[in-house]
Amino acid sequence: MVQPVSYDPGAPPYGRTMVQPPPGYFQQPAGPYGQPTAPGVPMNIGPEAPVSAFPRMSPFEHQFQQHRVEKDGLWMFRSSNQGKRHFFSMEALFARYRRPGSAVLGDDSSISYLDMMEDELILEIDQEYYDRFNDNTGLNFFDRTTYDVVPNMNAPGTRLRWGWTNDDDSGFEVTGWWLSRADSVWSADERSTHKSNPANQAVFDILMSPPDFIFNAIPGYSVEDIANILEEELKNLASLPLDDGTVDGVSVPYDIDFRIKTISQSWGTNVTWMSTPIVDKKNLKIRGLAGARYLKVREGFSFYGRDSGLIYAEGTTAASTQPDLKLVSLPTGTDENQDGIIDNTGFSEDDSTGTTGSTTAVIFLFQNDPVTSYVNNTVDTNLAGPEIGFQFDLGGDKFKIWGQTKVGIMANREKIKLNGDNIGFITRDDPTDFDRPQALITPTTADPNPNEFTDYQTHTHISPLFEQSIFAEMNLFDKVPVLKRMKLLEEAKLKVGYTYIVAGEVTRPYESILWTGMPTRGLFPTIDVKREKWSVGTWSVGLDWNY
């Protein structure tokens, strides 16, 4: 029970006096803060705790209120007493990095292998066969390659997002994401019509291992057997164009292995402040964004090639071969001479005579030991700086589409590392030959790797950055019979979306190489910075909680 308040009407405004309490009215004794309240103040009768009909603190005292004038001149009022509303999301990412461009692997101003060996081809084979090569330019004859042969670079990852919104719809968020490393490999063997025979591998490895076993007898294998193995295992793969200091340059052929590998990895974080809505309609809100970002990009490029060090052509003596020439059949993908080997190495298959079977001898001549060549180039890019943008929200609590658009100016700190070995024309080994001088330095016991090279550079500059994201959030789990009973999903929403990030003026490892190769003249590949845009597109699916 609550005792009502009584007043003496008296002479207003100060004539009011409180009526004396009736006999037996309960009143608390004096406490440490003085005498009890004056008679007539409401309090419970009996031993129960006092309850005030007029509490000293209003339950509406901290309510958010917003007053504004709309463009039509009408006052608008909005109030809320929710306080901060936090959000947290976890997402699985499925990304695709920007591939290397279509530039030539190597020095694109150097002569092709076919044009470089034109005179030797005319001497070695009849003019008609050479015309067929010349007319069928789409067929490979140790052709150069371009970076766009590299397959798509896909990588999974994860992203976390946490923050809050205030009663006025301003807010703050922190986002962090990570993408795993994407490795993409292309081998020239994929386009070769000439395939290896697994039964030959053990003997072929012996033939290609130092010292030269090719000229020594191998138990159980005749000279004809060895020749057939070489015809089947040496391949018409690809060449690496190089600037060797001459006017036309060279293109170095590889007949055992030729591979390209690209690597990309990235991660980042950003903090963002969200303003109160610039546009605030029933189902549409647009807010300004301002914040800072850090982005890490790691990219790498690797070339790997193996060459037999052999020159080969039709004939029976070394005098029948031409310098630097690796004669191969026209890569038609068919076995014209029906010897069981498709597109033989060492002589040309030709069914125009109507004969079958291989009756032409092949001479294989070592100009140099088998050589393994490689080049590795890596770039570590660190971008950090401010960014601004806007966010739009379309929809309500049950279903909402929202996205962010951001632009930024990033400080870019790059570290570039280059290393490799044996980049030069492999089969040239005569230092006294003016036209075809020896390119690779001969290893010695004191210096077993004289053709190795390294280079290192760091750069700091400015890079622009752009990010566009769009997401859809929906209450879905409360409709699924089993999932709606899970406590974890009780307040969760399904979130799907796409994010695209692009940064300009980023050093790419693929094209940032000066392809010079003539170690005997002091010419090695070096870093030649080429900047272009880097980008990654990411699909995402995850859960979003509001609490």
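Which side chains meet in a salt bridge at 3.5 Å, N to O? They are those of Asp393 and Lys400, where a salt bridge is taken as a side-chain nitrogen of Lys or Arg within 4 Å of a carboxyl oxygen of Asp or Glu. Asp393 counts as buried at 7% relative accessibility, whereas Lys400, at 22%, counts as partly exposed; buried here means under 20% relative accessible area, exposed over 50%, and partly exposed in between, with a 1.4 Å probe and protein chains only.

The model is predicted, so that local features need pLDDT of at least 70 and side-chain atom pairs count only at pLDDT 80 or more, while totals for chains, interfaces and linings use all residues. Residues are numbered from 1 along each chain as its sequence is written, and side-chain values use heavy atoms, with hydrogens and water left out.

**Salt bridges**

By the rule given above, the count comes to 25 salt bridges. Among them is the contact between Lys285 and Asp169, with a distance of 2.6 Å from N to O. Lys285 lies in strand β9 (residues 284–307) and Asp169 in the loop between β4 (153–165) and β5 (171–187), so this pair ties together parts that are 116 residues apart in sequence; helices (H or I, at least four residues) and strands (E, at least two) are DSSP runs numbered from the N terminus. Of the two partners, Lys285 is partly exposed at 25% relative accessibility, and Asp169 is buried with a relative accessible area of 6%.

A further salt bridge joins the side chains of Lys235 and Asp189 at 2.8 Å, N to O. This pair also links distant parts of the chain, since Lys235 sits in the loop between α5 (223–233) and β6 (238–242) and Asp189 in the loop between β5 and α4 (201–207), 46 residues apart. Here the lysine, Lys235, is buried at 6% relative accessible area, while Asp189 is partly exposed at 26%.

| Pair | N to O distance |
|---|---|
| Lys285 and Asp169 | 2.6 Å |
| Lys235 and Asp189 | 2.8 Å |
| Asp393 and Lys400 | 3.5 Å |

**Aromatic rings and charges over them**

A pair of aromatic rings is described by the distance of the centres and the angle of the planes. Rings of Phe, Tyr and Trp (its six-membered ring) pair if their centres lie within 6.5 Å, and planes under 30 degrees apart count as stacked, over 60 as edge-to-face and the rest as tilted. The count by this rule comes to 17 aromatic pairs. In one of them, the rings of Tyr97 and Trp534 have their centres 6.4 Å apart and their planes at 45°, so the pair is tilted. Tyr97 is buried at 2% relative accessibility, as is Trp534 at 0%.

The rings of Trp164 and Phe172 have their centres 5.3 Å apart and their planes at 35°, so this pair is tilted; Trp164 is buried at 19% relative accessibility, and Phe172 is partly exposed at 25%. Ring pairs also link Tyr113, Phe141 and Phe142 into a cluster.

Arg428 lies over the face of Phe425, at 4.3 Å from the ring centre, and the charged end of Lys495 sits over the ring of Phe471, 4.6 Å from its centre; the criterion is NZ of Lys or CZ of Arg within 6 Å of the ring centre and within 35 degrees of the ring normal.
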